[in-house]
Amino acid sequence: MHETQNLHCKGILAADESTGTIGKRLSSINVENIESNRQALRELLFTSPAALPLLSGVILFEETLYQTTTDGKPFVDVLLENNVLPGIKVDKGTVDIAGTNGETTTQGFDSLGSRCAQYYKAGARFAKWRAVLKIGPNEPSELSIQQNAQGLARYAIICQENGLVPIVEPEILTDGDHDIKKCAAATETVLAAVYKALNDQHVLLEGTLLKPNMVTPGSDSPKVAPEVIAEYTVAALRRTVPPAVPGIVFLSGGQSEEEATVNLSAMNKLEVLKPWTLSFSFGRALQKSTLKTWEGKKENVEKAQAAFLARCKANSEATLGKYVGGSGGDLASQSLYEKGYKY
Amino acid sequence: MSCYKGKYADELIANAAYIGTPGKGILAADESTGTIGKRLSSINVENVESNRRALRELLFTTPGALQYLSGVILFEETLYQKTAAGKPMVDVLKEGGVLPGIKVDKGTVELAGTNGETTTQGLDGLAQRCQQYYTAGARFAKWRAVLKIGPNEPSQLAINENANGLARYAIICQENGLVPIVEPEILVDGSHSIEKCADVTERVLAACYKALNDHHVLLEGTLLKPNMVTPGSDSAKVAPEVIAEYTVRALQRTMPPAVPAVVFLSGGQSEEEATVNLNAMNKLKTKKPWSLSFSFGRALQQSTLKAWSGKDENIPKAQAAFLARAKANSEATLGTYQGGALSEGASESLHVKDYKY
């Protein structure tokens with residue numbers, strides 16, 4: 001399992017939008033949410049010349065795991081032939097926790113073991129499960145932290161029993177007017193709980209990845225410099241993530257393509273001991289410009305693929321701390337933030 | 001809430017980092033009056049204050065030894081003692097670039113309903129005591145929690161109680177300017193395998209770091225003093241490389257990189273064993289974002305005690321023995337120990353079943 005995680009200068013494309021969520025993306029470019037369009041979008045991404053060498057993995061939604069290119073080649077084979085590991089989203093979304101102020105837990109445990117076994121047969125080698133927490137006057141509550149941490153740990157061990165590397169994703173939403181210190185405190189508390197739960201459930205840390213939020217001010221607060229985000233984020237990780245974890249692949253949350261890349265690069269430039277690689281697992285922040293450029297039209301595929309390659313390259317450079325910025329136009333700088341974002 | 005950010009934060013971080021300086025480690029000379037009595041009687045020396053003072057003076061004034069030490073843990077009595085010439089022990093250490101530390105726990109008490117498991121006491125008035133110790137020159141503290149391995153041990157109760165105690169002690173220390181050494185010792189007693197020890201060590205350390213996080217302890221201003229991961233005392237021994245592998249792996253799985261250093265306890269290991277094992281860990285090529293050093297009591301003093309036997313005329317011999325072990329362990333922190341810094345007693349096992357301070 002350990003060989004799957006050599007993330008040096010590579011990262012993950014999160015292309016696991018559920019049918020409902022991808023529908024929102026497609027409708028934003030006036031494209032109908034039907035299977036052939038969903039297939040066309042993913043084919044565009046996975047066959048972008050020169051992009052796959054910059055990716056170590058792609059997270060897929062279940063439908064995509066079984067789809068093929070228009071030529072009939074399974075997507076899974078396209079990826080594997082290019083040394084990109086197929087991953088699979090295995091959670092079944094969030095549900096509210098009664099008695100809390102809109103806090104949630106994540107479902108998806110029923111038959112998870114046998115589903116993982118099937119996905120493994122279909123070629124998947126890693127999985128992803130998104131837990132969601134929020135910051136508020138009384139949030140994240142101890143109940144929410146415990147529920148989500150335990151849930152992530154159960155999911156993780158079940159994955160490992162069935163050959164899938166679990167990506168552990170405890171996303172703390174940026175929504176709110178809190179400052180970066182508050183986000184740092186919440187992130188450290190949540191991550192400490194997550195690693196205690198993983199230990200309790202006997203998860204092999206060397207065979208996991210972490211997908212956390214970056215530590216930033218709330219969406220309604222003034223922005224800070226990338227170096228500040230880098231400092232607080234890396235400090236939080238240093239205080240909570242044991243070195244046995246080989247890699248950390250950040251989510252982009254509502255950050256624009258450019259912001260996410262610049263912040264990741266700042267973290268990798270930071271001169272402090274980081275015993276895990278710091279890379280990306282971006283969805284919106286890798287696909288935004290690509291989507292807008294494509295608009296669902298065959299004649300735009302090449303241009304759209306070039307936009308995708310540009311973001312992949314930028315983020316690959318960011319994993320080496322070498323991104324100099326500016327590889328995108330207006331589209332790359334557009335915030336992708338949506339209040340109370342739900343998949 | 002995030003972690004401690006009070007007036008001592010920068011100092012704590014600097015002192016913790018200093019203690020972890022490669023090439024240096026800690027002499028644990030904090031034996032309580034009762035415990036040092038056992039050591040003295042083993043060399044037929046009377047347990048009176050002047051003899052306790054003489055032993056510590058012998059150690060702290062060993063020519064050339066202090067350069068290998070970043071800290072010395074003292075018992076309260078010693079913190080206020082002076083050399084025969086009238087110089088405070090604390091000043092001897094400071095002038096040698098060594099931070100004085102202080103044992104602050106008050107020993108263990110049994111947990112009712114368990115099979116001889118214990119928790120550690122000493123929280124009452126701890127803040128005031130820490131302030132006094134800081135004024136007297138101490139800059140770090142030590143608190144020993146004890147767990148054991150058995151069919152049903154360590155129990156969740158023992159783990160929770162001891163982890164919580166360590167975390168409470170740690171934050172009180174930090175609030176009063178002392179770097180807390182967090183010591184969750186899992187006794188070596190038993191016939192269990194190294195795998196079992198590893199499993200227990202990982203569980204205990206995970207609980208400790210969760211508790212430290214719960215109590216808002218600033219990890220950058222702490223040190224860990226764990227047992228090495230070894231087979232039980234009644235089991236077959238394994239090679240130093242194996243001990244190194246299991247020990248470092250346990251730390252990789254539980255210890256966040258924010259902690260600057262690990263200072264191993266020697267448990268019942270002989271002087272030579274402890275040094276050789278530490279050396280093997282530092283030679284290991286794997287991720288180690290914290291320095292690996294020593295905080296040895298018996299494993300630094302055994303030969304010295306034997307050579308001294310309480311007699312003035314033996315002081316040079318005894319100091320030579322101490323210097324040899326200090327140097328050996330310094331080399332071990334760099335992975336350059338070649339072995340063989342032996343004197344009488346260096347290979348003697350120091351294991352005492354169910355060891356109590």
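**A helix pair, then an arginine**

Modeller: In α9(B), Pro240(B), Glu241(B), Ile243(B), Ala244(B), Thr247(B) and Val248(B) meet Val276(B), Asn277(B), Ala280(B) and Met281(B) of α10(B). Meeting means contact: heavy atoms within 4.5 Å. Helices are DSSP runs (H or I, at least four residues), as are strands (E, at least two), numbered from the N terminus. The model is predicted, so local features need pLDDT of at least 70 and side-chain atom pairs 80 or more, while totals for chains, interfaces and linings use all residues. Residues count from 1 along each chain, chains are lettered from A and ligands numbered from 1 as written, and side-chain values use heavy atoms, without hydrogens or water.

The axes of α9(B) (residues 240-254) and α10(B) (residues 271-283) come within 8 Å and cross at roughly 60°.

Now Arg239(A). This residue sits in the loop between α8 (226-238) and β9 (247-250) of chain A. Arg239(A) is buried, at 14% relative accessible area (buried is under 20%, with a 1.4 Å probe, protein chains only). Its touching residues include Ser2(B), Leu218(B) and Pro256(B). Its side chain also makes a 3.3 Å polar contact with that of Glu188(A) (N or O atoms within 3.5 Å, one able to donate a hydrogen, the other to accept it; sequence neighbours count only if both atoms are side-chain).

Last, α7(A) covers residues 180-200. 17 of its 21 residues are buried, so α7(A) is largely enclosed by the rest of the structure. Just after α7(A), His202(A) takes a positive phi of about 65°.

Terms used
The expected span of a helix is 1.5 Å times one less than its number of residues. Buried means under 20% relative accessible area, exposed over 50%, partly exposed in between (1.4 Å probe, protein chains only). Axes are lines fitted to C-alpha atoms, for helices over the stretch in contact, and angles run from 0 to 180 degrees between N-to-C directions. Lists of a residue's contacts leave out its neighbours within four places in sequence.
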